[in-house]
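Subject: Structure handover

Hello,

The structure you asked for is below, with the sequence. My notes on it follow, region by region.

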Amino acid sequence: MPEVIFAGPAGRLEGRYQPSKEKSAPIAIVLHPHPQFGGTMNNKIVYDLFYMFQKRDFTVLRFNFRGIGRSQGEFDHGTGELSDAAAALDWVQSLHPDSKSCWVAGYSFGSWIGMQLLMRRPEIEGFISVAPQPNTYDFSFLAPCPSSGLIIHGDADKVAPPKDVQGLVDKLHTQKGITITQKTLPGANHFFANDTELLIQDCADYLDRRLAGELADPRPKRLR
C-alpha cells in the first residue's frame, strides 16, 4: 500500500493510500482517534476499517492529522483537523475525478471530525461512526444530518457513556429522509479490547447491506 505525502492546510500530511482498479469506484476516508491521546492512522481499528473498504474495491485513504507522525502542524482542537480531512478528500478526488460517491469512517475523535466533514461535502453518501463522544464534543451541527450511516459503540464504554450516544441516536432518528443504524456491542469498552474483530464484522455487514441498496432512504442526491 503506497505511503503518500500530500499538501494540507498547515503543511504536508502523511497518509496510506490504496487506489481501486476501477476509475469510478467510490472513495473512503478513515479518520483516527484523538491526536493527543495516542491516536494515529496506524490505530488497529482505523487500519482494519481501511482494509474493510479496500476489500470492497473502494479507493481508500487514511492519514495522520497535523502534528502526528510525519504530518506537519500542531493540534488545533478539531478546527484544523477538519481542514486536514477536507484537504485529504480533495487530494483523493483530484486523482479520481470519475468517482461519484464517498464514504467517511471515523473512530472516537475521528468520528466527530468525520460527521463535520459529512455536513460540508454533499458527495458523502454514507458514514460509519465508531464510539462517538457526544458527552465531550458538540454534535448539534447535525441539523439535519444529510446522509444515512452507522453509529456503533460498546455498552461498557466509560469514555463515551451509552446514554449519551443514545441521546445522539434518538435525536438523529427524528430526522426525515435518512436512516440511522445503531449497533451496540455488549461488554465492549471505548477501545473495543477483545472486541475489535466483532466491531469490524458489524461494520462490514452494514457496508455490504448499504452497497446492496438497503438501510438508506431513497432520496435525491445532494448537489455538489
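P2 is found in the segment before β1, the strand of residues 3-8. Keep in mind while reading that this is a predicted model. P2 is partly exposed, because its relative accessibility is 35%. Leaving out residues up to four places away in sequence, P2 touches G15, R16, Y17 and Q18.

The annotated domain

The UniProt annotation, from an unreviewed entry, reads "domain: AB hydrolase-1" and covers residues 35-136. In the model, this span is 40% helix and 18% strand.

Helix α3 and the residues around F109

F109 lies in helix α3, which runs over residues 109-120. Is F109 buried or exposed? F109 is buried, because its relative accessible area is 1%, and the cut-off for buried is under 20%. If residues up to four places away in sequence are not counted, F109 touches H32, P33, H34, P35, F65, F75, G78, E81, Q133 and Y137. A further pair to look at is F109 and S129: they are 20 residues apart in sequence, and their C-alpha atoms are 9.8 Å apart in space.

The loop between β6 and β7

Strand β6 covers residues 124-130 and strand β7 covers residues 148-154, and P144 is in the loop between them. The peptide bond that joins A143 and P144 is cis, with omega at about -5 degrees. F141 lies in the loop between β6 and β7 as well. With a relative accessible area of 23%, F141 is partly exposed. Apart from neighbours within four places in sequence, F141 is in contact with W112, M115, Q116 and M119. F141 and M119 are 22 residues apart in sequence, while the distance from C-alpha to C-alpha is 7.9 Å.

How α1 meets α5

In general, two packed helices are described by the angle between their axes and the distance between the axes. What are these two values for α1 and α5? Helix α1 (residues 44-55) and helix α5 (residues 196-211) pack at an angle of about 30 degrees, and their axes are 10 Å apart. The crossing of α1 past α5 is right-handed. On the α1 side the contact is made by K44, I45, D48, L49, M52 and F53, which meet T196, L199, I200, C203, A204 and L207 in α5. Sorted by class, this contact of α1 with α5 has 9 nonpolar, 1 polar and 2 charged residues.

E197 lies in helix α5 too. E197 counts as exposed because its relative accessible area is 72%, and the cut-off for exposed is over 50%. The C-alpha atoms of E197 and G73 are separated by 33 Å, and these residues are 124 apart along the chain.

Cysteines

A disulfide is a covalent bond between the sulfur atoms of two cysteines. How many disulfides does the model have? The count comes to 0 disulfides. C102 is in no disulfide, and the nearest cysteine sulfur, that of C145, is 14 Å away. C102 is also buried, at 1% relative accessibility. C203 is buried, with 0% relative accessibility.

Two residues with positive phi

D57 is found in the loop between α1 and β4, the strand of residues 59-63. D57 is not a glycine, yet its phi is positive, about 65 degrees. At 36% relative accessibility, D57 counts as partly exposed.

H77 lies in the loop between β4 and α2, the helix of residues 79-95. The phi of H77 is near 60 degrees, again a positive value in a residue other than glycine. H77 counts as exposed because its relative accessibility is 60%.

Regards

Conventions: Residues are numbered from 1 along each chain as its sequence is written. This is a predicted model: local features need pLDDT of at least 70, side-chain atom pairs count only at pLDDT 80 or more; totals for chains, interfaces and linings use all residues. Side-chain values use heavy atoms; hydrogens and water are left out. UniProt positions are given in the numbering used here, feature names are shortened, and annotations may be inferred rather than shown by experiment. Helices (H or I, at least four residues) and strands (E, at least two) are DSSP runs, numbered from the N terminus. A disulfide is a pair of cysteine sulfur atoms within 2.5 Å. Buried means under 20% relative accessible area, exposed over 50%, partly exposed in between (1.4 Å probe, protein chains only). Axes are lines fitted to C-alpha atoms, for helices over the stretch in contact, and angles run from 0 to 180 degrees between N-to-C directions. A crossing is left-handed if the near helix is turned anticlockwise from the far one by less than a right angle, and right-handed if clockwise. Contact means heavy atoms within 4.5 Å. Ala, Val, Leu, Ile, Met, Phe, Trp, Tyr, Cys and Pro count as nonpolar, Asp, Glu, Lys and Arg as charged, and the others, Gly among them, as polar.
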